[in-house]
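Open the model in your viewer and switch to cartoon view. The stops below say what to select next and what is there.

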Amino acid sequence: MISFKDVSKHYPNGTTAVDRLSLELPEGGITVLVGTSGCGKTTTLRMVNRMVEPTSGTVSVGGRDVLRADAAELRRGIGYVIQQAGLFPHRTILDNIATVPLLLGWGRRKARARAAELLELVGLPADSGKRYPHQLSGGQQQRVGVARALAADPPVLLMDEPFGAVDPVVRTQLQNELLRLQSELRKTVVFVTHDIDEAVRLGDRIAIFRTGGHLVQCAPPAELLASPADDFVAGFLGAERGLKLLSLSTLADVDREPVPADGQRWRLVTSERGEPVGWRDTEGPEGDRAPLLPVRPLRDGDSLLTALDESLASPAGLVARVDADGVLTGVTGREAIHEYAGQRHAEAGRAAALKNAAAGTDEAPGTAEASEAAEAPEAAEDPKSPDTSVTA
């Protein structure tokens, strides 16, 4: 769907924002661009809709060179979400969302009907459509920004650090919403962030850039975490790569074990409905009258990283597992989580080795690019020119 072929972007002041980038972004997936400040990730994204034009090379969308397309027409067919939403303050929420359909000549009634549909799709109440941006929270405004980008049902969605200005709780909610929408809509998404945890959580593939616009490695999250191309990538991923790998799996991937039976030290007390209430230490001085210790039950869809955290917090070293109704179905121990994590890491490492072998090299993906980057001079991020275009 989106292709970069030997693309570079140089500025008159000598800045190289992107250097000889060749990259294919698969259709229907989320590709996340990450890297250090000044690495050219935002420039790369903005070349897709010609808000920045390449100095050399070819950027294609749907097999068509973007430089051969009318810029306004191109942008109306590509959704664009920026940090802090960029909503028009003098327009209602419905009219903000209807912006691109109106530009495309849909007619006011049809455009507003589509806007109302999208309000529901992104989880906002219908009456919020009559309000103005300043009357919404930051998280709600970002949802409106996503709705506006989806209004004309574009096949491509560009997202430039869209959740960077909200607090961590709201950020997690917005990430969940994006994943839910993507499971239904299957857009081709290019997502820029500086947060590697966000990249791992959202990306089908992650492209890591370094200063000077050099692509160092592009791979699925599991492969990236298990087999970083070089010390730069390993350092960018952080010392807790194994824990990040756990965030890619869910509790459903690990076998469920029977609840501890009578005669064992820790007893999991349940309600009449079978809901976990707390852990009781039967070998303590108070025996069966010992006070209950907290339990945080998890469902199959919770990440293994969450499960590991709960197993460490649990006095029994066990995670209580429940069904959709909150009824206890079994437990999982931290040893089982550790064992699965080791298997997952080994599998990802083998996949990376097979990929390298198929490519006819013993080097990790991106090593050649990393070597070139190490020899390249440092460059600042591309200059920011005023943006007068409509963000769709």
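Two strands pair if DSSP finds at least two bridges between them. Helices (H or I, at least four residues) and strands (E, at least two) are DSSP runs, numbered from the N terminus. This is a predicted model: local features need pLDDT of at least 70, side-chain atom pairs count only at pLDDT 80 or more, and totals for chains, interfaces and linings use all residues. Residues are numbered from 1 along each chain as its sequence is written, and side-chain values use heavy atoms, with hydrogens and water left out.

**Stop 1: the mixed sheet**

Select L157. Opposite L157 stands V189 in β8. Now widen to strands β7 (residues 156-160) and β8 (residues 188-192): they run parallel, joined by 5 bridges. Show the whole open sheet next. Its 6 strands follow the order β6-β7-β8-β3-β9-β10, and the pairing is mixed. At the edges stand β6 (78-82) and β10 (214-219); each has a single partner strand, so one side of each lacks a neighbour in the sheet. Neighbouring strands of this sheet are turned by 15° against each other on average, direction ignored.

**Stop 2: the antiparallel sheet**

Move to the open sheet of 4 strands, ordered β2-β1-β4-β5 with antiparallel pairing. Its edges are β2 (16-25) and β5 (64-65), each with a single partner strand, so one side of each is left without a neighbour in the sheet. Pick strand β1 (residues 2-10): 6 bridges pair it with β2 in the antiparallel sense. Contact means heavy atoms within 4.5 Å. Axes are lines fitted to C-alpha atoms, for helices over the stretch in contact, and angles run from 0 to 180 degrees between N-to-C directions.

**Stop 3: a helix pair**

Select helix α6 (residues 138-150) and helix α7 (residues 168-185). Their axes come within 10 Å and cross at roughly 20°. That makes α6 roughly parallel to α7 (angles under 35 degrees count as roughly parallel). Show side chains: G139, Q142, R143, V146 and L150 in α6 meet V170, Q173, L174, E177, L181 and L185 in α7. These contact residues divide into 6 nonpolar, 3 polar and 2 charged (Ala, Val, Leu, Ile, Met, Phe, Trp, Tyr, Cys and Pro count as nonpolar, Asp, Glu, Lys and Arg as charged, and the others, Gly among them, as polar).

Notes. Parallel < 35°, antiparallel > 145°, perpendicular 65-115°, else oblique.
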